[in-house]
Amino acid sequence: MPSDWDDTSIINDVTDKFFIYQIDQLAYKLTPSEFAKVIKLTVPNGPFSREIKNNSGNQITLEKVTKDLNRDYKYLYNHYSGLRGNQPLEKIHQTKEFKDFKIKLYFLYKAINETYGAEVAYPWEIFFVANMTQSEVSKLAINSHRHSLQVGITDVNLTSPVSMKGDTGVVSISYTDGMRLAPEISNLMHTFKSKKIDVYVVSAGFEPVVEAIASSPEFGYNIPKNHVFGLRLEKNDHKQFEPLYKKDYPFTYREGKPELIRSKIAIKKGGKDPIFIAGDSNSDYGNFSELNGIKLGLIVNHLSSGDFDKVSKKAVEQMGKANPKFVLQGVNENTGLWIPTESTIELGTNKEVLINQELK
């Protein structure tokens with residue numbers, strides 16, 4: 001049984017929350033010169049897509065936003081006591097440099113994702129753990145998970161300081177804060193294991209970050225560490241992560257997920273497809289479209305668009321029929337809890353919606 005993690009086995013995205021938590025904690029082991037190199041890795045120079053603009057309507061380039069971020073990071077590096085300065089984090093959080101840094105770094109991630117796609121953005125998002133060991137990342141991830149599970153699920157909207165507009169100008173970001181466990185799928189995993197059916201996690205999130213919550217007894221899933229697969233980075237001779245995606249390892253997104261299942265899991269199971277899969281988005285489309293041997297596919301309904309919407313439509317067509325291949329599970333995104341219906345209640349609303357088309 002392979003299951004996706006983000007927004008399937010848990011509500012919200014653990015790697016995205018980790019990225020924001022790392023910013024908030026300024027948990028970096030990068031000098032300003034190292035940061036300046038990492039921030040541009042794998043991202044083409046020049047303008048982002050035409051939709052990526054500052055608040056004055058001007059198009060943004062990689063060179064402009066990284067120039068501002070390098071300026072901000074150098075200030076933070078020299079002033080924060082956790083790096084090379086002497087000021088506590090609480091005081092740093094009040095500075096215009098930190099506010100500009102947080103907003104523009106997340107803005108840059110979204111710009112990369114929307115312009116170049118997950119193939120570039122997802123590895124880039126985790127490059128900032130460079131020079132950290134696995135244990136350091138795991139400890140930071142545990143703290144990130146605890147924090148996200150304690151705060152409310154809310155939309156956060158932030159605008160960078162006018163006084164720090166620099167070359168980029170003033171920009172705004174939005175993201176969903178908070179995260180919730182999914183006890184129903186945790187129970188399902190334990191049921192499978194009690195029936196001698198192996199349970200695996202195959203995620204497009206950073207493997208150590210996913211493993212920290214999927215395998216720790218604290219969170220209840222108790223998946224064996226060697227059953228958790230996600231994005232991987234190379235390590236140097238000191239066992240520290242490098243800002244370089246793992247060579248010859250599948251990119252666990254879309255078609256990369258069934259590739260990993262076949263090369264790392266099914267090869268030990270006689271080459272057979274899994275009997276059950278779970279997912280929620282286009283990241284999981286490869287599993288639902290290529291693993292023809294599955295008996296049942298669970299779709300945690302986040303009203304996905306794109307290719308995965310085709311899978312959701314098949315589930316709708318099979319509702320009420322015997323032995324469906326795909327089934328929908330609704331979520332109240334306001335509470336982060338599953339609800340006893342195929343429809344989902346979007347964050348900020350109280351209306352149940354079955355498929356993405358109903359939003360139009």
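A pocket, in these legends, is an open set of grid points with protein on both sides within 12 Å along at least five of seven lines. Keep that in mind for the first two views, and remember that the whole model is predicted.

**View 1. The largest pocket and the residues around it.** About 1200 Å³ of space lies in this pocket. Its lining is made of 39 residues, and those nearest the centre are Asp-7, Asn-12, Asp-13, Lys-110 and Asp-280. Helix H5 provides the largest share, with 5 residues. Sorted by class, the lining has 12 nonpolar, 14 polar and 13 charged residues.

**View 2. The second largest pocket.** Here we have about 220 Å³ of space. This pocket is lined by 13 residues, with Met-1, Lys-269, Asp-273, Pro-274 and Ile-275 closest to its centre. What classes turn up in the lining of the second largest pocket? There are 9 nonpolar and 4 charged residues, and no polar ones.

**View 3. Helix H1 from end to end.** How many of the residues of H1 are buried? The count is 11 of its 12, so the helix is mostly covered, given that buried means under 20% relative accessible area. The buried stretch includes Val-14, Thr-15, Asp-16 and Lys-17, and also Tyr-21, Gln-22, Ile-23 and Asp-24. At the start of H1, a side-chain oxygen of Asp-13 comes to within 3.0 Å of the backbone nitrogen of Thr-15. Just after H1, Leu-26 takes a positive phi of about 50°.

View 4. To describe a pair of aromatic rings, you give the distance of the centres and the angle of the planes. The structure holds 28 aromatic pairs. In one of them, Phe-19 and Tyr-109 sit 5.7 Å centre to centre with 50° between their planes, which makes the pair tilted. This pair ties together distant parts of the chain, as Phe-19 belongs to helix H1 and Tyr-109 to helix H5, 90 residues apart.

**View 5. Tyr-122 and Tyr-253, edge-to-face.** The ring centres of Tyr-122 and Tyr-253 are 5.6 Å apart and the planes stand at 80°, so this pair is edge-to-face. Again, distant parts of the chain are linked: Tyr-122 is in helix H6, while Tyr-253 is in the loop between strand S9 and helix H10, 131 residues apart. Tyr-253 is buried, with a relative accessible area of 16%.

**View 6. A cluster of linked rings.** Phe-19 and Tyr-109 show up again here, since ring pairs join both of them into a cluster.

**View 7. A buried lysine, Lys-104.** Lys-104 lies in helix H5. Its relative accessible area is 0%, so Lys-104 is buried. What does the side chain of Lys-104 reach? The backbone oxygen of Met-164, at 3.0 Å.

Methods:
Residues numbered from 1 in each chain as written. Predicted model: local features only at pLDDT ≥ 70, side-chain atom pairs only at ≥ 80, totals over all residues. Heavy atoms only, no water. 1 Å grid on protein atoms, 1.4 Å probe; cavity = no way out; pocket = protein on both sides within 12 Å on 5 of 7 lines; lining within 4 Å. Points joined across faces, edges and corners; volume = space filled by probe spheres on them. Helix = DSSP H or I, 4+ residues; strand = E, 2+ residues; numbered from the N terminus. Nonpolar A, V, L, I, M, F, W, Y, C, P; charged D, E, K, R; others polar. Phe/Tyr/Trp six-rings, centres within 6.5 Å; stacked < 30°, edge-to-face > 60°. Buried < 20%, exposed > 50% of the residue type's maximum accessible area, 1.4 Å probe, protein only. Polar contact = N/O pair within 3.5 Å; in protein donor to acceptor, adjacent residues only side chain to side chain.
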